[in-house]
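Thanks for sending this one over. Have a look at the fold below first, then at my notes, which go from single strands to rings and charges.

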Amino acid sequence: MKKVYKVMTTAALASLILGGAALGTATANVSRTPLLTPTSVAAQASAQNPSVTHNGITLSVSKALYDGNYIGITVNRSGGGLTSGITEGHFDQQAEDYVWAKGAIKDIQIFMNGKNIYDLGDGKLHKRPSLGWAQGSNPDTAEIKIVDPSWLGDHLNELAFSNKFKLTVKITLEGVDNPYTLEMPIQQSVEKATALKPNMTKKHGNLSVTLSKLNLTSDSSRIQLIEKGLDKDKHSGIIYEFVDDEGNMIEQISSFGTNDNNKNGHWYHNFVIDALSKNTESITVKAFTPEMETPGATSGSFKRDANGDLVKNYIKNLEMTVKVK
C-alpha cells in the first residue's frame, strides 16, 4: 500500500481494500474583524455579508462555526440561471475523469492565517487537516467541513487548531474563470465541551478496538477509536457507525484513520458526528464489514438489499456502549 493511501475516510479505507473507488480527504462525493462564533454568526454574516460575484454567480457565507471538534462553513450560491447543484458532477468512464456540472464546486482551498492547510504538519497527509464538502439544505448550498489531525495519534496536541484565526476559503466553480475568495475571522465557541475518556476495549480475534475518548458539544461529537493487533501496514476493513440509545443512526460529519503517527503501527480513527440530542443518555459504536456482491470476493461491488442499503456483517464482539450523562 502506498503511503499516500494511509490517511483516508474510514468508509474509503474499507472501500479501497474491498475494491471500491472512494479515496482521499473529502467527506462527500468522491474538502471578520468582529469574530464569528456559533452564537453570533448570523448577525455578523448579515452585517459583513462575505460574498463574491463572478460571471453573474455569487457565493456568500451564511454560517461559520468552530466548536473545537471541527470548522463548519455554509456557502450559498445565487444568480447565473444555473440548473445543476453546487456539488453536482459524475465520473466519466470514457474520459476516466470526474466531470463537474457548470457552476459546481471543482476545488476548494483553505488558508489559516494565510497558510494553506495542506502545508500544515509539514505537508504530511497524516499530520495535516482534512477538508471535505457536501450539498447542504438545498442544491445551491454547500457545507464545508475542516477537521484537525490532533486525534490521529497520541501526543499530537500541537496539531490542534488555535482558538482564533483568520480563515480564507478559495473556491473554484466549473465554468467560472476566477476563483472566489471569502475571508472571515473565526473564534472557537465559548461553550465548555463535555470530555469523556471511557478507555473501553473490545476484542475480535487478534484485533482489539479501544473507544479512547469523546468530546461532546451542542454542534457535534468527536470520537477516537484505536485499533491494535493488525499486521504492519494492514487495516481491518471494518466500518464503524454510531447509534443513540433510541436506536437512531447518528450521521457522520468526518471520519479519518491512519497508522503513521505511532511506532507500533496502531490505527487511530478520528470521527466527528452530529451533535447528540439533549435526551441522549448513551451512544453505541457498531462495527461491521460490508458483504460483497460476489461471495468471497476481495474486490468488486458491495452487496445491497432491496432498499439499496449495504448488507452489513456486524461484529458483535466489537460493539461498545458508553454513557454520555
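**Notes on the model**

1. Let's start with strand β17 (residues 252–258), which is mostly covered: six of its seven residues are buried. Buried here means under 20% relative accessible area, exposed means over 50%, and partly exposed is in between (1.4 Å probe, protein chains only). Strands (E, at least two residues) and helices (H or I, at least four) are DSSP runs numbered from the N terminus.

2. A word on ground rules. This is a predicted model, with residues numbered from 1 along each chain as its sequence is written; local features need pLDDT of at least 70, and side-chain atom pairs count only at pLDDT 80 or more, while totals for chains, interfaces and linings use all residues. Side-chain values use heavy atoms, leaving out hydrogens and water.

3. The overall tally: the protein chain has two helices and 21 strands. Of its 325 residues, 48% are buried. The chain exposes about 15,900 Å², and carbon and sulfur atoms supply 45% of that; the areas come from the Shrake-Rupley method with a 1.4 Å probe, and for residues only the protein chains shown count as cover.

4. Back to β17. Its antiparallel pairing with strand β18 (residues 267–274) runs over six bridges, and two strands pair if DSSP finds at least two bridges between them. Across that pairing, S255 stands opposite F271 in β18.

5. F271 turns up again among the rings. Phe, Tyr and Trp rings (the six-membered one for Trp) pair if their centres lie within 6.5 Å; planes under 30 degrees apart are stacked, over 60 edge-to-face, and the rest tilted. By this rule there are seven aromatic pairs. In one of them, F242 and F271 have ring centres 5.1 Å apart and planes at 70°, so the pair is edge-to-face. Because F242 lies in strand β16 (residues 239–244) and F271 in strand β18, the pair ties together parts that are 29 residues apart in sequence. Both F242 and F271 are buried. Elsewhere, ring pairs link Y66, F161 and F165 into a cluster.

6. Setting aside neighbours within four places in sequence, Q224 is in contact (heavy atoms within 4.5 Å) with W151, G153, T210, L211, S212, K213, Y268 and H269.

7. For contrast, look at K323 in strand β21 (residues 320–323). With 64% relative accessibility, K323 counts as exposed. Beyond neighbours within four places in sequence, K323 is in contact with L196, E281 and S282. K323 and T284 are 39 residues apart in sequence and 8.9 Å apart in space, C-alpha to C-alpha.

8. Two lysines are worth a click. A charge sits over a ring if NZ of Lys or CZ of Arg is within 6 Å of the ring centre and within 35 degrees of the ring normal. K286 has its charged end over the ring of Y314, 5.7 Å from the centre. K312 lies over the face of F288, 4.9 Å from the ring centre.

9. Finally, the open sheet: five strands in the order β1-β2-β3-β9-β8, with antiparallel pairing. β1 (51–54) and β8 (130–135) are the edge strands, each pairing on one side only. Six bridges join β8 to strand β9 (residues 141–147), and S130 has V147 in β9 as its bridge partner.
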